[in-house]
Amino acid sequence: MSKKTIYSLLTALVIIVTYLSKDYIAATDKLEVVKGGAEVKINTNEYFLPTSTTGQVVHHEGYSLSYSEPHEQAEWVAYELKKSHLSNADFKRPYFEVDNAVKTGAAHWRNYKKSGYDRGHLCPAGDRKYSQSAHDETFLTSNISPQKHDFNAGIWNRLEQKTRYWASKYDGVFVVSGGVLKGNMKTIGEERVAVPNQFYKVLIDNNNGKTKVIAFLMPHQESDQPLYKFVTSVDTIENLTGINFFSELDDALEDKLEASSDYKGWSF
């Protein structure tokens with residue numbers, strides 16, 4: 001066998017090994033994501049996680065979610081936003097990736113392509129800038145919902161910014177966000193991802209022995225109305241979604257907080 005032939009065979013072998021190694025590493029990474037999603041994440045304030053109507057809860061480093069397979073998105077995404085989480089770090093925006101921790105299969109990002117809708121974050125990347133990994137995992141498809149661009153960049157963005165303001169002012173809040181996955185909804189893409197007609201955000205502040213709650217319910221459209229115009233009771237959102245919020249609180253306190261639509265304890 002000539003040296004040229006031996007060299008060619010060795011080159012081919014190196015190429016094959018390299019290719020198989022990349023596949024192995026990619027498969028291993030996916031298994032780690034699935035394993036991590038199945039385990040309770042560290043430093044989670046699980047006390048405030050809502051109930052899941054779907055039975056499919058996934059825990060990531062920076063947030064937890066309840067995935068609704070029929071609607072191909074999360075019914076809620078929940079996370080604690082501490083003052084120490086707030087950062088001006090300028091991480092490079094990654095590509096969206098399918099969340100392999102969703103056992104029924106999360107929707108593919110291609111469903112949004114040319115749909116006319118943004119890939120709207122439920123846990124904003126801006127809330128997870130305390131590390132590169134926490135920031136990047138907000139670009140998993142389980143954390144997005146179809147949103148009109150003017151809504152996503154408009155009033156929904158204003159509410160996200162106000163949430164960060166409160167997290168700083170009150171030294172942390174617990175946040176739950178999602179679309180109302182009920183009623184007649186338009187769908188996009190081959191997987192028929194539902195387009196919610198309304199979005200909600202519920203916040204609880206449990207610092208210094210005092211507990212207060214505020215809830216927002218917004219039609220899926222841009223508005224120049226002040227944010228307080230969209231304040232509602234947690235009970236209203238529970239009735240719309242079937243989700244039970246803050247069930248671990250004392251019953252009397254839970255009933256009082258969830259029935260109220262008072263926002264005077266929150267600085268606008």
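These legends describe close-up views of one predicted protein model.

Residues are numbered from 1 along each chain as its sequence is written. As the model is predicted, local features need pLDDT of at least 70 and side-chain atom pairs count only at pLDDT 80 or more, while totals for chains, interfaces and linings use all residues; side-chain values use heavy atoms, with hydrogens and water left out.

**Figure 1. The protein as a whole has 6 helices and 11 strands.** Helices (H or I, at least four residues) and strands (E, at least two) are DSSP runs, numbered from the N terminus. Of the 268 residues, 46% are buried. Buried means under 20% relative accessible area, exposed means over 50%, and partly exposed lies in between (1.4 Å probe, protein chains only). The accessible surface comes to about 14000 Å². Carbon and sulfur atoms hold 51% of that surface. Accessible areas come from the Shrake-Rupley method with a 1.4 Å probe; for residues, only the protein chains shown count as cover. Among contacts between residues at least 6 apart in sequence, 67% join residues at least 24 apart. Contact means heavy atoms within 4.5 Å.

**Figure 2. Seven strands line up in an open sheet with the order β1-β2-β3-β6-β9-β10-β11.** The pairing is antiparallel. Two strands pair if DSSP finds at least two bridges between them. The edges are β1 (57–59) and β11 (231–232), each pairing on one side only. Helix α5 (residues 234–241) packs on this sheet. Helix α5 touches β9 (198–205), β10 (212–219) and β11. The direction of α5 makes about 50° with that of β10. Axes are lines fitted to C-alpha atoms, for helices over the stretch in contact, and angles run from 0 to 180 degrees between N-to-C directions.

**Figure 3. Strands β1, β2, β3 and β6 follow one another in the sheet order.** β1 pairs with β2 (residues 64–68) over 3 bridges, in the antiparallel sense. Here His59 has Ser64 in β2 as its bridge partner. β2 and β3 pair over 5 bridges, again antiparallel. Ser68 stands opposite Gln73 in β3. These two strands form a hairpin with 4 residues between them. In the turn, Glu72 has a positive phi of about 55°. Strand β3 (residues 73–81) is mostly covered, with 8 of its 9 residues buried. Another 5 bridges join β3 to the antiparallel strand β6 (residues 173–179). Leu81 has Val173 in β6 as its bridge partner.

**Figure 4. Two salt bridges are found in the structure.** A salt bridge is a side-chain nitrogen of Lys or Arg within 4 Å of a carboxyl oxygen of Asp or Glu. One joins the side chains of Asp127 and Arg164, at 2.5 Å from N to O. This pair links distant parts of the chain, 37 residues apart. Asp127 lies in the loop between β4 (118–121) and α2 (132–136), and Arg164 in helix α4 (residues 155–169). Asp127 counts as buried because its relative accessibility is 1%. Lys212 and Asp205 also meet in a salt bridge, at 2.6 Å from N to O. Both Lys212 and Asp205 are buried.

**Figure 5. Phe246 is a buried residue in a loop.** The loop runs between α5 and α6 (251–259). Phe246 has a relative accessible area of 1%, so this residue is buried. Leaving out residues up to four places away in sequence, Phe246 touches Phe48, Val202, Ile204, Val213, Glu254 and Glu258. Phe246 and Leu257 are 11 residues apart in sequence and 9.6 Å apart in space, C-alpha to C-alpha.

**Figure 6. Pro196 sits in the loop between β8 (193–195) and β9.** Pro196 is buried, with a relative accessible area of 1%. Beyond its neighbours within four places in sequence, Pro196 has contacts that include Gln73, Ser145, Pro146, Gly179 and His220. Val180 is also in contact with Pro196. Pro196 and Val180 are 16 residues apart in sequence, with their C-alpha atoms 5.8 Å apart.

**Figure 7. Tyr228, Tyr263 and Phe268 form a nonpolar patch on the surface.** Together they have about 260 Å² of accessible area. Patches are made of residues with over 30% relative accessible area and no salt bridge; like charges are joined within 9 Å, and nonpolar side chains (Val, Leu, Ile, Met, Phe, Trp, Tyr) within 5 Å. Tyr228 lies in the loop between β10 and β11. Tyr228 is partly exposed, with a relative accessible area of 34%.
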